[in-house]
Amino acid sequence: MTLRPRIGLLALTLELYETLAPGLRSSREAWVRRALVPPLAADADVVFERAVFRRDDVECMLRQFEASGIDLVAVVFLTYAPSQIALPALVRTPLPILIWNTQELLGVDHTFTTEAMIDNHGVHGTQDLANVLVRAGVPFHVVTSHTSEPDCLAELRDFSLAAAAVNSLHSARIGRLGHPFPGMGDLGVDTTHLAATLGCAWVNLPVDEYHQRAATASESDVRALVAGYREAYAVAPDVTSIELEAAARAELALRGFVAEHRLSALTYQFLAFGDDERTETLPFVAASRLMADGIGFGGEGDLIGAVGTLLLHRLNPPATFSEVFTIDFAGNALFMSHMGEANAAMARRDRPVPLVARTTPITRTRTRQLALVTSLEAGPATLAALALGPAQRWRLLAAPVAIEDYGPLPGFCVPHFKVRPQSDVRRFLTDYARAGGPHHNAVCFGDARRRLRFAARILGGEYHEIGGRGARLEGDRPTDDTE
């Protein structure tokens, strides 16, 4: 799922100019439509009706934005405008606030005219508004740049995506099969807190219904899915048709849950499957393929991990659920793996993904347990985790890493890959632990740190960066530094 943010453009002017310069507002509105909306519209849906200059009109426009499902409000000063016409509405709105401090003119030289000055004097309106928002304790983000500067548009895009990703959590539904892994404390969560702070709802998925769905799956659907497995993956010679059919039934059962309950993410507890003698196999292949379709995932009944993977995927797709399994002290790297789940869409492209049977079952099943041995495409990446910190405050951890050219190893029957942090692996893991990093995490290609930082602030949470520029914690400032 690639998000397309919805931006409400709040353009402000001065009421005095309605009599002093009657054509000024219309000319500035034309500039907005010509120069501001098109670059934003390349990656977002932009709502711009007209510039406003009275408090009542600002209030009305904010209500329209909120009612129409806008993800954020972008404030632009087309001329100077006094802050108090916008402050009351901006204090009350739940929408994230972005102030775009820009103008039409790129430079001021000896040809500068009074007319050009009047057309380009919104900067002190920006300062007026920023001052009162700080005094009121209202969070906001500021981007100062000319429309011709690519970095400006990248930052606007990142903030808009972060706002859309956080907003999308409000309608997210997380399915859980079975109970959380006994004694696993870092995945503990008060689901009321989850709903109240992130907006996520969770859905209990009965294991009994899972078995019924698998047993009654259409034979034609099963055959089609098995054929798809054989075409897409390197199926090991010892894997039988019966085992492939069991994996297909498991996938159809999970996909049925996803469709019927409109799930954005899911998690299951493998022990719950083993408790039921009807279990044919475990849905490792299904989870790996559902992640490839944009469904978030968390292992061991981990609702937080499932939401974390979903959030990273929506911020910077694709993303995979993972876990640090072994430290490579000699290679300054981390060996990443899990029982059988990794995003199949992120597999290295130079060879087909092996589809094998686990040599040792991790719980009781009727047939062997199949898994896709996914090793990720090498290159720059981001390791991230969603966690609860002190006082139940959400915390996003992020680290720049490099996925190494590694795997799949012969004889391995689980997904695996290696990542190399930018700092020493000893310091990296120590800082991660001190920040309360959980043992479940997520990985995406590229550098998602700025989007994660924006998302943390929009959530009202903390952002902890590990490696790169060094470990640092953010989360108590109402405004933003745009480093």
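The protein chain has a mean pLDDT of 94, and 96% of its residues reach 70 or more. One stretch, residues 476–483, has pLDDT below 50. The model is predicted. The points below cover that stretch, an open sheet and a helix pair.

**Confidence**
- Beyond near neighbours in sequence, residues 476–483 make 21 contacts in the model.
- The pLDDT over these residues is below 50, against a chain mean of 94.

**Sheet β8-β14-β15**
- An open sheet is built from 3 strands in the order β8-β14-β15, and its pairing is mixed.
- Strands β8 (234–235) and β15 (370–372) lie at the edges, each pairing on one side only.
- Strand β14, residues 354–357, pairs with β15 in the antiparallel sense through 3 bridges.
- Ala 357 has Leu 370 in β15 as its bridge partner.

**Helix pair α7 and α14**
- Two packed helices are described by the angle between their axes and the distance between the axes.
- Helix α7 spans residues 150–169 and helix α14 spans residues 303–315.
- Their axes come within 9 Å and cross at roughly 145°.
- The crossing of α7 past α14 is right-handed.
- On the α7 side, the contact involves Leu 161, Ala 162, Ala 165, Val 166, Ser 168 and Leu 169.
- By class, the residues of the contact between α7 and α14 comprise 9 nonpolar, 1 polar and 1 charged.

Conventions. Residues are numbered from 1 along each chain as its sequence is written. This is a predicted model: local features need pLDDT of at least 70, side-chain atom pairs count only at pLDDT 80 or more; totals for chains, interfaces and linings use all residues. Side-chain values use heavy atoms; hydrogens and water are left out. Two strands pair if DSSP finds at least two bridges between them. Helices (H or I, at least four residues) and strands (E, at least two) are DSSP runs, numbered from the N terminus. Axes are lines fitted to C-alpha atoms, for helices over the stretch in contact, and angles run from 0 to 180 degrees between N-to-C directions. A crossing is left-handed if the near helix is turned anticlockwise from the far one by less than a right angle, and right-handed if clockwise. Contact means heavy atoms within 4.5 Å. Ala, Val, Leu, Ile, Met, Phe, Trp, Tyr, Cys and Pro count as nonpolar, Asp, Glu, Lys and Arg as charged, and the others, Gly among them, as polar. pLDDT is the predictor's confidence in each residue, from 0 to 100.
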